[in-house]
Amino acid sequence: MSPTTRVSTEAQVVLTRALSEAWEDLNRSHFEGAMRPPGIEIRELTRQLGRWERTARQICLSEALLLDHSWGVVLEVLKHEMVHQYVHEILGR
């Protein structure tokens, strides 16, 4: 674990897997399975809870989001970032 990271490598693996599974479920239930899975990464973001990185095709979620908020809040942020992905990849905007 680096000095700036509060989530162990093992915990990141487990959380990333759970987030990927949640992404799959949400893609089916909210977006009719229209999108391809992106990379999902947990990072130390200081100004955002999450972000869609279009060039990397990656959803980044804040480490603080995962540590300081409920899973329900985490899923709402994930859905928000998925909307950005949908607008970019499916609507082309």
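Which strands does H3 lie across? H3 lies across E2 and E3, and runs at about 20° to E2. Keep in mind that this is a predicted model. The briefing starts with the sheet, moves on to the helices, and ends with a few single residues.

**The sheet**

- Three strands make up an open sheet, and their order is E1-E3-E2. The pairing in this sheet is mixed.
- E1 and E2 sit at the edges, each pairing on one side only.
- Going from one strand to the next, the twist averages 20°.
- H1 packs on this sheet and touches E1 and E3. The direction of H1 makes about 135° with that of E1.

- How many of the five residues of strand E3 are buried? Five of the five are, so E3, residues 58-62, is largely enclosed by the rest of the structure.
- Side chains in a regular strand alternate between the two faces of the sheet.
- You can follow that pattern along E3: Gln-58, Cys-60 and Ser-62 point one way, while Ile-59 and Leu-61 point the other way. All of these residues are buried.

**How E1 joins E3**

- E1 covers residues 39-43, and five bridges join it to E3. The two strands run parallel.
- If you want to trace the pairing, look for Gly-39, which stands opposite Gln-58 in E3. Ile-40 stands opposite Ile-59 in E3.
- Which residues make up the covered face of E1, and which the uncovered one? Ile-40 and Ile-42 form the covered face, whereas Gly-39, Glu-41 and Arg-43 form the uncovered one.

**How E2 joins E3**

- E2 spans residues 50-53 and is joined to E3 by four bridges. Here the strands run antiparallel.
- Gly-50 stands opposite Leu-61 in E3, and the bridge partner of Glu-53 in E3 is Gln-58.

- Helix H1 runs over residues 9-31 and helix H3 over residues 71-89. Their axes come within 10 Å and cross at roughly 60°.
- That angle makes H1 oblique to H3.
- As for handedness, H1 passes H3 in a right-handed crossing.
- On the H1 side, the contact is made by Leu-15, Ala-18, Leu-19, Ala-22, Trp-23, Leu-26, Asn-27, His-30 and Phe-31.
- On the H3 side, the contact is made by Trp-71, Val-74, Leu-75, Leu-78, Lys-79, Met-82, Val-83, Gln-85 and Tyr-86.
- Sorted by class, the contact of H1 with H3 has 14 nonpolar, three polar and one charged residues.

- Most residues other than glycine have a negative phi.
- You'll find Glu-32 in the loop between H1 and E1.
- Is Glu-32 buried or exposed? Its relative accessibility is 79%, so Glu-32 counts as exposed.
- Arg-57 also has a positive phi, about 50°, although it is not a glycine. Arg-57 lies in the loop between E2 and E3.
- With a relative accessibility of 17%, Arg-57 counts as buried, because the cut-off for buried is under 20%.

**Arg-17 on H1**

- Another arginine to look up is Arg-17, which has its place in helix H1.
- Arg-17 has 48% relative accessibility and therefore counts as partly exposed.
- How far apart are the C-alpha atoms of Arg-17 and Tyr-86? They are separated by 21 Å, and the two residues are 69 residues apart along the chain.
- Tyr-86, for its part, is one of the H3 residues that make the contact with H1.

Technical notes: Residues are numbered from 1 along each chain as its sequence is written. This is a predicted model: local features need pLDDT of at least 70, side-chain atom pairs count only at pLDDT 80 or more; totals for chains, interfaces and linings use all residues. Side-chain values use heavy atoms; hydrogens and water are left out. Buried means under 20% relative accessible area, exposed over 50%, partly exposed in between (1.4 Å probe, protein chains only). Two strands pair if DSSP finds at least two bridges between them. Axes are lines fitted to C-alpha atoms, for helices over the stretch in contact, and angles run from 0 to 180 degrees between N-to-C directions. Angles under 35 degrees count as roughly parallel, over 145 as roughly antiparallel, 65 to 115 as roughly perpendicular and the rest as oblique. A crossing is left-handed if the near helix is turned anticlockwise from the far one by less than a right angle, and right-handed if clockwise. Contact means heavy atoms within 4.5 Å. Ala, Val, Leu, Ile, Met, Phe, Trp, Tyr, Cys and Pro count as nonpolar, Asp, Glu, Lys and Arg as charged, and the others, Gly among them, as polar.
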